[in-house]
Amino acid sequence: MTTSLRPLVFDNRFVRELPGDPDPRNTRRQVLGAAWSAVEPTPVSAPSLLAHAADVAELVGFAPGDPAHPDFARVFGGNALMPGMQPYAACYGGHQFGHWAGQLGDGRAITLGEALNARGERWELQLKGAGPTPYSRTADGRAVLRSSLREFLCSEAMHHLGVPTTRALSLVRTGDAVLRDMFYNGNAALEPGAIVCRVAPSFIRFGNFEIFAARDDAALLTRLVDFTIARDFPHLSGDAASRRVAWLHEVAERTAQLMVHWMRVGFVHGVMNTDNMSILGLTIDYGPYGWVDNFDPGWTPNTTDAQGRRYRFGQQPLIAQWNLVRLAEALITVIPDEATLQSAIDHYATVYAREYEAMNRAKFGLLPGDEDADELVREGYALLYDAEMDFTRFFRALGDMPDTLSGHDPLALLGDVFYDDARRDAARERLTAWLARWHGRVSAQPRSASERRAAMHAVNPWFVLRNYVAQQAIDAATAGDDSLVHTLLEVLRTPYDEQPAHTALTGRRPDWARHKAGCSMLSCSS
Ligand code: AMP
Ligand code: MG
């Protein structure tokens, strides 16, 4: 079925340049010798557009009125294709929770095509939850409203925070119910289904390379590497061998930058398996993610991760490095020199250490060259933890500190950042001393207080999409009220600006949310 939407320009290099699965059947199986399988979305009962990101629609080539067209919901609900779309699911593997898991693949993601916009940019359009594929294993290929809404809002929130990420074009209700056991306790229930159309220059993951290495398919692995370089890293030059080396270095560097961003904004991905690591260093696959409320490097939002806490906030940079090592291992036949592979890993560690330090100085408003900075940052984080302070609100409050502290109760100046009065009081003396020292350092800087404040506010967000806020949007949308989704979609566009009308969306996590499902921890059920 085609549509009367204005045409987009598609240039589907992935399916054109890489070998596809010769078996056209949409049956679950191991797919060998191919990078993708052709598969069409499975139609849904009643696709209706819940929300869309207008700037993403523009990015892929739509005009402002297009999303309102009924065919838009049909296409992005999986009931129709636009001319030029060639839907497929990609084959990939991955290490999950530290162990090789074999073939995974797009079990519920279906790429529709690679749209070229008027500026010549390539944007791959991918539905998530559009029905089974050969890679669906035992699952149904669908997605529920709660997880789709979380992915839709959070990927846009991350983009506007300046964090590299896949984007989201649309969120469509399917009109069909999906059966899920949300707590993994044997109580499955029907939930409303939804489909997100996510958008990125490339959805290639570390796991796309790992699967061919695991199958000893060196020829296909090399083809995929050279394809990725040609399509997604076109700025790299030189002969094939040197481009491959430069490519891996760049992957390492982008991954390091991404980790610094996550640590800056307090984002915890929750499932940093190698199949969830983008080759472009984008945040990808929003599942049981979370935002640090009370600062705790040991916190993980993922209930499946609660035991080992492998994917806890403070460990993310190390896990990213571990994942890069898996990628490097997979590439040994393509870059056949261990020292070269190791140097990419070392490059990750170097870039991360350098950028992490610079990021923290900026977060705390300290300038390069300040000899006290390291100690102030270290003790600042220790206090954030010991006094159980809210990560996001603390840094905004620090930015807003008045020009002089005398005559004020310094803890009162921090405002509503404390989760526990006893822990606050136990840390009172240390915190007071730290604030005085910090204030002394920033007061001695060769810039005005307002310049310092503006610089801090530019790296310390006012708004992040806390789980308890997203959950309220989910609860309302499930009951048919989408207004909070639309409000959030507006607020998240300028997350560094104070928006007084929306202060209620920035409060530290309320007590009622501390242990409520979806508000603190989440399962992978989605
Ligand atoms: P994730 O944990 O979401 O990164 O997913 C890991 C693997 O499971 C990927 O191959 C997904 O495509 C697949 N998967 C997750 N949920 C579903 C589902 N409902 N139906 C089919 N495949 C799924
Ligand atoms: Mg995944």
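Cys524 is in no disulfide, and the nearest cysteine sulfur, that of Cys154, is 15 Å away. The model is a predicted one, in which local features need pLDDT of at least 70 and side-chain atom pairs count only at pLDDT 80 or more, while totals for chains, interfaces and linings use all residues. Residues are numbered from 1 along each chain as its sequence is written, chains are lettered from A and ligands numbered from 1 in the order in which they are written, and side-chain values use heavy atoms, with hydrogens and water left out.

**Cysteines**
- Cys91 is buried, with a relative accessible area of 0%, where buried means under 20% relative accessible area, exposed over 50%, and partly exposed in between (1.4 Å probe, protein chains only).
- Cys524 counts as partly exposed, at 25% relative accessibility.

**Largest pocket**
- The largest pocket has a volume of about 1,100 Å³, and its lining takes in 40 residues, of which Arg108, Arg137, Ala139, Cys524 and Ser526 lie nearest its centre.
- A pocket here is an open set of points on a 1 Å grid over the protein atoms alone, where a 1.4 Å probe fits and protein lies on both sides within 12 Å along at least five of seven lines; lining residues have an atom within 4 Å of a point.
- The volume is the space filled by probe spheres set on the points, which are joined across faces, edges and corners.
- Both domain 1 (9-201) and domain 2 (207-362) give residues to the lining of the largest pocket, so this pocket lies between them; the domain bounds come from an automatic or database domain assignment.
- Helix H4 (145-161) and strand S10 (189-200) each supply at least two residues of this lining, and H4 gives the most, with three residues; helices (H or I, at least four residues) and strands (E, at least two) are DSSP runs, numbered from the N terminus.

**Magnesium site**
- The magnesium ion (ligand 2) is coordinated by Asn276 (OD1) and Asp285 (OD), at 1.9 to 2.2 Å; donors are N, O and S atoms within 2.8 Å of the metal (3.2 Å for Na, K and Ca), and sites may look incomplete because water is not among the atoms.
- Asn276 is buried at 9% relative accessible area, and Asp285 is buried at 15%.

**Positive phi**
- Asp285, in the loop between strand S11 (267-268) and strand S12 (290-291), has a positive phi near 65 degrees.
- Glu388 has a positive phi of about 45 degrees although it is not a glycine, and Glu388 counts as buried at 5% relative accessibility.

Note on methods:
Disulfide = S-S within 2.5 Å.
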